[in-house]
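Visitor: I would like to learn how to read the features of a model like this one, step by step. Could we begin with charged side chains and go on from there?

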Amino acid sequence: LAAVYLGSMFLATFFNVAFYHEILNALNGRAVSVRGGLRFACSRWSAILLWSLFAGAVGLLIMELERRVNIVGQWVLRLIGIAWSVAAVFVIPAMVREEKKSNPVFFLKSSAGILRKTWGESLIGYAGIQLGGLIFLALSVVFFVAGVAVGMLLGSLAVLIVAGAIWAILLLAFAYLVSIANQVYRGALYIYATEGVVPGS
C-alpha cells in the first residue's frame, strides 16, 4: 500500500510539473504544447522523485500517527496536515522554475515564502473562484429542479433522465474548469511573487 501511495504521488507530481510548466509558459506569452510539458517533466524526474518521497513520507507519518492517538490528537494532526498542504501550495511552480534545484526542503521553504508574500491575493482569488462556483451550483440546482418539475407535470421519465444527465455533465465540466482556474491563478501568483510582474499586463 505504501508503494502504491508513493507511486501515485510520483505520477501526480510528474503530470502536475508538466502541466504547470505549460501554464507558466502561457502566462509568460510563450508557446505551449503537451509534448513540451512532458519532456520538461522527464528532465526533472530526480526532483519529482525526491519530492514525492518526502511528501509521501510526511503523509504516511501523519496517517499512521492518526491511528495511534485519541480524538484530540487526531484533530491536531489534521490541522498539521492542513498546514502542510497550505505551505506546499507553490511547490510545483517552484519545482518548474528552479531547474537547478532538487532538494524538497528547498521547494517547501520557497513555497512557504511565496505564500507569506501573497496570502492576501491567494485568499481573495480563492474566495472569488469559490463564490463563482456557489453561484453556478445554485443556478444548476434551479435548472435541475425545473427539469424535474417539467418531467413530473408531463409524466415523462425521459425528461427526468435528460435533465439529470445534463445537470451531472454541467457539474463535472464546471468542476474541471474551476480546478483549471485555480491552478492558472496559482501560477499567476507565483510569477507575480517571484518576478514582480502581473502576467498579461
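Guide: The term salt bridge is used here for a side-chain nitrogen of Lys or Arg within 4 Å of a carboxyl oxygen of Asp or Glu. Before going further, note that this is a predicted model, in which local features need pLDDT of at least 70 and side-chain atom pairs count only at pLDDT 80 or more, while totals for chains, interfaces and linings use all residues. Residues are numbered from 1 along each chain as its sequence is written, and side-chain values use heavy atoms, with hydrogens and water left out.

Visitor: How many salt bridges does a search of the whole structure find?

Guide: The general idea is that side chains of opposite charge can pair when their charged atoms come close. In this structure the search finds 2 salt bridges.

Visitor: Where do Glu 64 and Arg 68 lie?

Guide: Both lie in helix α3, 4 residues apart, which is about one turn of the helix. Glu 64 and Arg 67 are 3 residues apart in that helix, which covers residues 45-68, and so they too are separated by about one helical turn. Helices (H or I, at least four residues) and strands (E, at least two) are DSSP runs, numbered from the N terminus.

Visitor: Which residues does Ser 52 touch?

Guide: A contact means heavy atoms within 4.5 Å. Ser 52 is found in helix α3 and is buried, with a relative accessibility of 2%. Leaving aside residues up to four places away in sequence, Ser 52 touches Leu 6, Met 9, Phe 10 and Thr 13.

Visitor: How many aromatic pairs does the structure hold?

Guide: Rings of Phe, Tyr and Trp (its six-membered ring) pair if their centres lie within 6.5 Å, and planes under 30 degrees apart count as stacked, over 60 as edge-to-face and the rest as tilted. The structure holds 8 aromatic pairs. In one of them, the rings of Phe 14 and Phe 15 have centres 5.2 Å apart and planes at 85 degrees, so this pair is edge-to-face. Phe 14 is buried at 12%, while Phe 15 is partly exposed at 48%. The rings of Phe 144 and Trp 167 have centres 4.5 Å apart and planes at 25 degrees, so that pair is stacked. This second pair links distant parts of the chain, with Phe 144 in helix α6 (residues 104-154) and Trp 167 in helix α7 (residues 157-195), 23 residues apart. Phe 144 is partly exposed at 25%, and Trp 167 is partly exposed at 23%. Ring pairs also link Phe 10, Phe 14 and Phe 15 into a cluster.

Visitor: Where does the charged end of Lys 101 sit?

Guide: A charge sits over a ring if NZ of Lys or CZ of Arg is within 6 Å of the ring centre and within 35 degrees of the ring normal. The charged end of Lys 101 sits over the ring of Phe 106, 5.0 Å from its centre, and Arg 78 lies over the face of Trp 75, at 5.4 Å from the ring centre.

Visitor: Which residues form a nonpolar patch on the surface?

Guide: Patches are made of residues with over 30% relative accessible area and no salt bridge, with like charges joined within 9 Å and nonpolar side chains (Val, Leu, Ile, Met, Phe, Trp, Tyr) within 5 Å. Here Ile 71, Val 72, Trp 75, Val 76 and Ile 80 form the patch, with about 500 Å² of accessible area together, a value of the kind that comes from the Shrake-Rupley method with a 1.4 Å probe, where for residues only the protein chains shown count as cover. Ile 71 lies in helix α4 (residues 71-87) and is exposed at 51%.

Key: Buried means under 20% relative accessible area, exposed over 50%, partly exposed in between (1.4 Å probe, protein chains only).
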